[in-house]
Amino acid sequence: MLTSTLVVGGSLLGTGSATAADGAGAGVTAVLQPTMESEEISVEPGRTEEGGLFTLKTADGTIQTYCIDIDHGVRLDKSVEYQEADWKSSSLGGAAKADAAAKIRWILENSYPKVTDLTALAKTVGADKLSKQDAAAGTQAAIWHFSDGKTHATPKNANAAKLTAYLVGDTNKGIAAEPKPSLTIAPEAVAGKTGDKLGPFTLNSSADEVKLSVSGDTAGKAALVDKDGKPVGALKGPIAKDTQFFLAVPADAADGSATVSASASTVVPTGRVFLSKGYTTESHSQTMILAGSSKLNVTDTAKATWTKAKGAILAATSEVDCAQGGVEVTVTNTGDQPATVTVQPGTSVTVQPGKSGKALVPVAEDTAYDIKVSGPNGFAQEFKGVLDCKVTSVTTPSASPSATASASVPAGTKATASASATPGGGLAATGGSSATPVLAGVAGALVLAGGAAVFVLRRRGRHSGNAA
């Protein structure tokens with residue numbers, strides 16, 4: 001889920017955090033590394049891919065992922081980042097994909113690298129033995145059965161093929177529950193009157209303990225409280241789903257703002273989706289799903305703004321909704337006057353005091369979007385991103401099995417010399433028409449125009465890579 005927010009009330013103009021532009025994000029942000037544990041997989045008649053386990057590097061550790069988006073190219077430039085996200089914002093979103101998502105999560109919980117005893121795993125599946133490369137390829141092929149509908153995907157290695165057959169067989173009953181996020185605060189921004197409790201903020205986390213704090217020039221005037229007004233500073237786990245808290249602002253406080261922060265240390269649950277943070281089709285990369293992680297430090301922030309002024313007090317957020325095929329913009333009005341807000345292209349939402357309004361902006365698959373939101377008193381917001389909700393690419397031309405390495409590389413980029421990866425540490429390059437693209441980095445910019453802050457939309461996860 002990607003969000004950013006701008007708030008305005010009377011003559012007060014406050015800005016939400018520009019997290020996508022400055023590299024921050026909810027939960028885990030990581031950079032894809034150029035090697036992987038992999039082997040050849042026959043994906044369908046006439047098509048072979050190098051498939052297996054990717055490694056992504058975080059600020060203080062590593063995570064491992066598999067591809068759930070085989071027909072989109074993977075981009076390996078070191079500046080390309082991935083962001084943890086919910087299923088809803090990916091190709092696993094929606095009721096139609098619920099069974100596939102459950103099957104994939106079962107695979108992740110019952111195979112490599114979550115299962116480290118490969119001797120025992122080989123015995124379970126009837127294989128002679130399983131190397132890490134065998135296990136990674138066997139697991140990836142099984143995932144592609146459900147994520148991409150590649151029901152013929154089979155590793156060329158016989159032992160790996162036995163693992164795939166076991167993982168997609170009747171033993172796989174699925175795990176329906178979506179794993180908890182490592183750490184998220186929603187919404188990313190709120191606005192309100194002095195003397196009120198601003199919020200609620202909703203916290204979700206897989207951590208055993210989450211620490212909360214407030215910072216900013218006027219932070220001393222505000223305090224974090226629960227629904228009963230009692231102070232909160234640290235939440236002990238397991239953290240209840242949708243835990244709520246507020247920011248209490250004294251009635252005598254001057255107009256101002258504060259940043260609410262949450263921090264924790266946790267092992268991120270398998271099954272979390274990771275999305276490319278590219279904001280153009282050229283910088284976009286495949287969607288991935290988490291297979292394993294070390295214990296990582298995670299953070300998230302939100303912005304609170306308050307004013308004594310009369311009039312509409314607006315805050316806007318956005319969320320990619322793959323089930324609806326677009327981006328849903330939500331505008332909240334905590335002021336005392338109604339406001340009509342324009343959501344381009346061509347949609348207006350009138351939001352009454354104390355209410356919120358929503359507008360869905362349809363976006364074509366594999367298309368970069370730029371949604372402008374504007375309202376009274378200079379309120380302005382811009383949301384940017386690339387919609388990647390389907391596993392079939394509509395922008396990358398298909399290539400024959402004998403296609404050259406550069407067949408699916410966008411113009412202006414350079415393919416590597418070899419189109420195949422070396423098992424156990426090969427160059428990562430699955431998917432995207434069996435090619436091996438090494439592509440330009442993520443583009444994300446903070447644009448200022450007409451005195452109104454413009455924010456790049458934050459993507460909380462989505463895109464996985466294939467290896468070739």
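**Close-ups of a predicted chain**

**View 1. The whole chain, before zooming in.** Of this chain's 468 residues, 56% count as buried, where buried means under 20% relative accessible area, exposed means over 50%, and partly exposed is in between (1.4 Å probe, protein chains only). Keep in mind that this is a predicted model: local features need pLDDT of at least 70, side-chain atom pairs count only at pLDDT 80 or more, and totals for chains, interfaces and linings use all residues. Residues are numbered from 1 along each chain as its sequence is written, and side-chain values use heavy atoms, with hydrogens and water left out. Take the contacts (heavy atoms within 4.5 Å) between residues at least 6 apart in sequence: 76% of them join residues at least 24 apart.

**View 2. Inside the nonpolar cores.** In soluble globular proteins, nonpolar side chains tend to be buried together. A nonpolar core is a set of buried Ala, Val, Leu, Ile, Met, Phe, Trp, Tyr and Cys residues joined through side-chain atoms within 4.5 Å. The largest one here has 48 residues, and Leu32, Leu56, Phe201, Leu203, Val210, Leu247 and Trp306 have the most contacts inside it. Apart from it lies another core, of 30 residues, including Trp87, Ala135, Ile143 and Phe146. Now zoom in on Leu247: skipping neighbours within four places in sequence, its contacts include Phe201, Val214, Leu224, Ala258 and Trp306.

**View 3. Gly335 in its loop.** Look between strand E20 (326-333) and strand E21 (339-343), and you'll find Gly335 in the loop. Gly335 counts as buried because its relative accessibility is 11%. Leaving out neighbours within four places in sequence, Gly335 touches Gly311, Ala312, Ile313, Pro353 and Gly354. Lys308 is 27 residues apart from Gly335 along the chain, and their C-alpha atoms are separated by 9.8 Å.

**View 4. Asp71 and Arg47.** The whole structure has 20 salt bridges, each a side-chain nitrogen of Lys or Arg within 4 Å of a carboxyl oxygen of Asp or Glu. In one of them, the side chains of Asp71 and Arg47 meet at 2.8 Å, N to O. This pair links distant parts of the chain, 24 residues apart: Asp71 is in the loop between strand E5 (62-67) and strand E6 (81-85), while Arg47 is in strand E4 (residues 47-57). Both Asp71 and Arg47 are buried. They also belong to a network of salt bridges that links Glu44, Arg47, Glu49, Asp71 and Lys150.

**View 5. Arg272 and Glu178.** Here the two side chains form a salt bridge at 3.7 Å, N to O. Arg272 sits in the loop between strand E15 (256-267) and strand E16 (273-276), and Glu178 in the loop between helix H5 (158-167) and strand E8 (183-186), 94 residues apart. Arg272 is buried, with a relative accessible area of 2%, whereas Glu178 is partly exposed at 35%.

**View 6. Glu382 and Lys372.** This salt bridge spans 3.6 Å, N to O. Glu382 is in strand E25 (residues 380-387) and Lys372 in strand E24 (residues 367-374), so the pair ties together parts 10 residues apart in sequence. Glu382 is buried, with a relative accessible area of 8%, while Lys372, at 36% relative accessibility, counts as partly exposed.

Terms used. Helices (H or I, at least four residues) and strands (E, at least two) are DSSP runs, numbered from the N terminus.
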